[in-house]
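Subject: Handing over a structure

Hi,

Here is the structure I promised to pass on to you. Please open it alongside this email, and I will walk you through what turned up.

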Amino acid sequence: MRFVVGLKCVHCGEQYAPEAVDYYCPRCGYHDGILDVIYDYDAVQSELNPQSMRGKKERSMWRYLPLLPIADEANIQHLQVGWTPLYHAPRLSAYLGVAHCWVKDEGRNPTASFKDRASAVGVIKALEKKASRITCASTGNAASSLAGFAAAAGLPATIFVPRRAPEAKIAQLLIYGAQVFSVQGTYDQAWELCMQASERFGWYNRNCAVNPYLIEGKKTVSLELVEQFNEIGAGHFPDWVVVSVGDGCTIGGIWKGLKEMHRLGFLSKLPKILGVQAAGCQPFLTAWQQDSPLVPVAADTLADSIAVGHPRNFYKGMLAVKESGGAFVAVTDKAILEAMTALARNAAVFGEPAGVAGIAGIKQAVEMGIIGPEESVAAIVTGNGLKDIQSAVKAAGAPVAVAPDMEAVAGIIGGILL
Ligand SMILES: *Cc1c(COP(=O)(O)O)cnc(C)c1O
Ligand SMILES: [Zn+2]
């Protein structure tokens with residue numbers, strides 16, 4: 001917290017001291033009054049700059065402590081989070097029709113999704129507050145990651161998930177020992193329940209939209225992306241950074257992190273941001289196309305992690321695309337399943353549906369002429385494919401059944417070869 005100067009409301013502009021408020025702007029309420037953590041960047045730069053980072057050994061998100069709202073390093077848990085691999089993927093670039101494609105595999109985090117960056121911070125803030133329990137509502141990954149980090153800290157967790165969350169994610173919650181409410185309703189309903197429970201029982205609230213600190217964890221993916229690219233990328237930073245969008249917190253964090261790296265002298269030119277939604281749930285795309293306020297929708301997509309009909313971080317998500325001169329696109333479930341196999345077969349990275357939606361979005365944006373064939377892209381693959389086996393099987397089909405007999409194998413092989 002050494003460099004945090006305050007929390008600023010994105011709606012009314014009021015700035016608060018960090019001790020003065022826990023979650024959202026009291027004047028604007030939790031629908032509009034989302035707070036942004038403000039730093040003294042001149043002071044940050046004296047510690048965090050291209051020279052100082054060169055010899056830095058820490059290879060995790062804690063590499064960027066001066067840019068994180070952490071009061072006491074002793075609360076950092078032992079799990080390795082961040083510094084996920086960045087791959088150059090030439091065959092995938094050819095498939096997508098772009099000059100270069102880089103893939104950042106966020107499925108390599110402790111609970112196998114990008115959400116770990118936020119939960120790592122959330123648990124620390126709960127410890128700082130001496131909370132008795134931490135809670136969140138989630139389509140799956142925020143929950144499983146919170147359960148993991150709560151287990152690391154020995155902090156009790158209560159989690160609200162919609163009935164439709166994939167089995168593997170629920171299994172994660174239970175194995176880490178969280179108390180799990182499977183809400184017989186939508187994600188939006190689970191979210192409202194969690195908000196009320198947190199208020200009523202005084203539990204620490206990890207929901208990304210109302211908790212200003214979580215996006216600070218999420219932004220670290222961009223801090224890494226820039227540094228890793230400077231190491232391996234040889235040349236100019238990708239023209240586009242691409243990610244799937246549900247609540248809008250991830251894309252907002254990505255943009256904040258990029259702006260910070262630009263401000264601190266690591267990045268000469270800011271990229272454009274491509275936000276990718278599912279065709280069955282595209283409130284950001286609609287609002288962006290029509291330049292209109294948010295209209296919540298009913299979500300219908302197999303990409304559960306972005307099945308968010310009422311995005312809770314609409315302002316920050318929209319700002320990322322508008323300010324960067326980027327775009328939103330939407331992709332069908334069929335395109336998402338195709339992207340799942342394309343990413344696995346051309347770059348050997350296995351992502352869950354929402355994790356690969358960005359890849360499908362690149363293809364779509366190239367077809368629409370939004371991304372040019374001479375441009376390069378960096379895709380954030382936000383979650384691991386093992387989290388949703390049903391979708392993977394839908395994408396990849398069934399194995400060939402064969403008798404335990406070599407002639408039967410040869411017969412099939414011959415048939416395939418002929
Ligand atoms: C949460 C999530 C997203 C979207 O992040 P938002 O902050 O809700 O926009 C994308 N992909 C995966 C795998 C996620 O878990
Ligand atoms: Zn306000």
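The donor residues of the zinc ion (ligand 2) follow the spacing C-x2-C-x12-C-x2-C along the sequence. Within this pattern, C9 in strand β1 (residues 4-9) and C25 in the loop between β2 (15-16) and α1 (29-32) form a pair that links distant parts of the chain, 16 residues apart. Helices here are DSSP runs of H or I with at least four residues, strands are runs of E with at least two, and both are numbered from the N terminus.

A word on conventions before going further: this is a predicted model, in which local features need pLDDT of at least 70 and side-chain atom pairs count only at pLDDT 80 or more, while totals for chains, interfaces and linings use all residues. Residues are numbered from 1 along each chain as its sequence is written, chains are lettered from A and ligands numbered from 1 in the order in which they are written, and side-chain values use heavy atoms, with hydrogens and water left out.

Back to the zinc. The SG atoms of C9, C12, C25 and C28 are its protein donors, at 2.3 to 2.4 Å from the ion. Donors are N, O and S atoms within 2.8 Å of the metal (3.2 Å for Na, K and Ca), and sites may look incomplete because water is not among the atoms. The angles among the four donor atoms run from 106 to 112°, and the site is tetrahedral (four donors with all angles between 85 and 135 degrees). For comparison, the ideal angle for four tetrahedral donors is 109.5 degrees. Are C9 and C25 buried or exposed? C9 is buried at 2% relative accessible area, and C25 is buried at 0%. (Buried means under 20%, exposed over 50% and partly exposed in between, with a 1.4 Å probe and protein chains only.)

Next, the helix pairs. Helix α10 (residues 220-232) packs against helix α11 (residues 249-263) at about 45°, with the axes 7 Å apart; axes are lines fitted to C-alpha atoms over the stretch in contact, and angles run from 0 to 180 degrees between N-to-C directions. That angle makes α10 oblique to α11. (Under 35 degrees is roughly parallel, over 145 roughly antiparallel, 65 to 115 roughly perpendicular, and the rest oblique.) The contact (heavy atoms within 4.5 Å) involves V221, S222, L223, V226 and E227 of α10 with I254, G257, L258, E260 and M261 of α11.

Helix α14 (residues 333-347) and helix α16 (residues 389-396) cross at roughly 85°, and their axes come within 9 Å. This makes α14 roughly perpendicular to α16. L337, M340, T341 and R345 of α14 meet S391, A392, K394, A395 and A396 of α16.

G148 sits in helix α6 (residues 141-153) and is buried at 3%; leaving aside residues up to four places away in sequence, G148 touches L79, T111 and Y176. L270, in the loop between α11 and β11 (272-278), is partly exposed at 26%. With the sequence neighbours up to four places away left out, L270 touches W255, L258, K259 and H262.

Finally, W83 has a positive phi near 50° although it is not glycine, and W83 is buried at 14%. D291 also has a positive phi near 50°, but D291 is exposed at 60%.

Enjoy exploring!

Technical notes: Tetrahedral: all angles 85-135°; square planar, octahedral: opposite > 155°, others 65-115°.
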